Each structure stands twice: as C-alpha cells, then as structure tokens.
Amino acid sequence: MARSLGAWRRAVAGISLAAGAVGAGALAAQSAESSGPLTVEIHIRYSHYTPSSVTVPRGRPVTFILVNDDPIDHEWIVGDAAVHERHRTGTEPYHASRPTEVSIDAGTTKRTTITFPDATTLTYICHLPGHEAYGMVGTLTVTTR
C-alpha cells in the first residue's frame, strides 16, 4: 500500500508541475496575491520554450526554473529589443554572471531569480545560431500586480 501511495503522490506532483508549466501566467497572477515565493518553470523541448508566454508581478522576486530537455545546449536571454539586438551580434559564448542571461547545457536544469522593477513586456530568446529563427522565443509580461 505504501508503494502505491508513493506512486500516486509522484503522479499528482507530476500533474501539478505540468499544470504549472502550462498555466504559469495564471500561477503568477495567483501567487502575486500571496506572500510566498513565486516560481515559474520553463521547459525547453524540440528547441521551443513551454510555456512561451509568462506573466509575473513587478517588484517581486521570481525564481525561474529552466529545464533543458533537449540533447543540445540552449540559452535563455530575457530583455527588451536592445538587449536582443546586442546578443544577435554579440560575442558571449556562455552566460553565467547575469540573472537575465542563462546558458543551459543539454539535459540540465538551471535556476535564476529576478525582480522586475517596472511593468513591461519583454521577450526571452535563445540566440544560439538558428534557434531564434526556428521559433525559440517567448514573451514575459510584468504586471503592476
């Protein structure tokens, strides 16, 4: 009985994680009303982000869990048009020092925590050769609540 209960708990946890990944925007809005930590999980599979749209509140720390399920490396760069233009022609092969610029090796998970001070709309893009053109782009909306 304990073994089947454990399997059930793992299954429920998996469903919760999957629902969180798909409904991260709703999760962010709901969590903004509470005082607990806010976590958003983004999966990378077939060179696409899931979810491809996330909403978070301004002024609150958000921990992004970036899960690379692909057998190739990726990156998660979040910013405005100027940030992305710089990275399209940039020379940084690996990102590790800025919370908004993360390299995620194949089959690994990275965490980064960011507090967005203003309401805005940003994009997250993988700028490795050909990835953006293939569709590895997402939208991050920072709301006033």
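Analyst: Two strands count as paired if DSSP finds at least two bridges between them. The model is predicted, and in it four strands form an open sheet in the order 2-1-4-7, with mixed pairing.

User: What makes strand 2 and strand 7 the edges of this sheet?

Analyst: Strand 2 (48-50) and strand 7 (109-115) each have a single partner strand, so one side of each has no neighbour in the sheet. Neighbouring strands here are turned by 25 degrees against each other on average, direction ignored.

User: How do you know that strand 1 and strand 2 are paired?

Analyst: Pairing needs at least two bridges, and three bridges join strand 1 to strand 2. The two therefore count as paired, and they run antiparallel. Arg45 stands opposite His48 in strand 2.

User: Why is His87 called buried?

Analyst: The cut-off for buried is under 20% relative accessible area. His87 has 11% relative accessibility, so His87 counts as buried. His87 lies in helix 3, residues 81-88. Apart from neighbours within four places in sequence, His87 is in contact with Ile77, Glu92, His95, Glu101 and His127.

User: What makes a set of residues a nonpolar core, and which residues have the most contacts inside the largest one?

Analyst: The members must be buried residues of the nonpolar types, Ala, Val, Leu, Ile, Met, Phe, Trp, Tyr or Cys, joined through side-chain atoms within 4.5 Å. The largest such core has 22 residues, and Ile42, Val56, Phe64, Trp76 and Leu140 have the most contacts inside it. Seven elements each supply at least two of its residues: strand 1 (38-45), strand 3 (53-57), strand 4 (61-68), strand 5 (74-79), strand 6 (101-104), strand 8 (120-125) and strand 9 (137-143). Strand 1 gives the most, with four residues. In soluble globular proteins, nonpolar side chains tend to be buried together.

User: Which residues does Leu140 touch?

Analyst: Not counting residues up to four places away in sequence, Leu140 touches Val54, Val56, Phe64, Val78, Phe116, Thr120, Thr121, Leu122 and Tyr124.

User: How many helices and strands does the chain have, and what share of its residues is buried?

Analyst: The chain has four helices and nine strands, which run α-α-β-β-β-β-β-α-β-β-β-α-β from the N terminus. Buried residues make up 37% of the 145 residues. Of the contacts with a separation of 6 or more, 68% join residues 24 or more positions apart. The chain exposes about 8200 Å², with carbon and sulfur atoms supplying 58% of it.

Technical notes: Residues numbered from 1 in each chain as written. Predicted model: local features only at pLDDT ≥ 70, side-chain atom pairs only at ≥ 80, totals over all residues. Heavy atoms only, no water. Buried < 20%, exposed > 50% of the residue type's maximum accessible area, 1.4 Å probe, protein only. Contact = heavy atoms within 4.5 Å. Areas by Shrake-Rupley, 256 points an atom, 1.4 Å probe, with all protein chains shown as cover. Axes fitted to C-alpha atoms, helices over the stretch in contact; angles between N-to-C directions.
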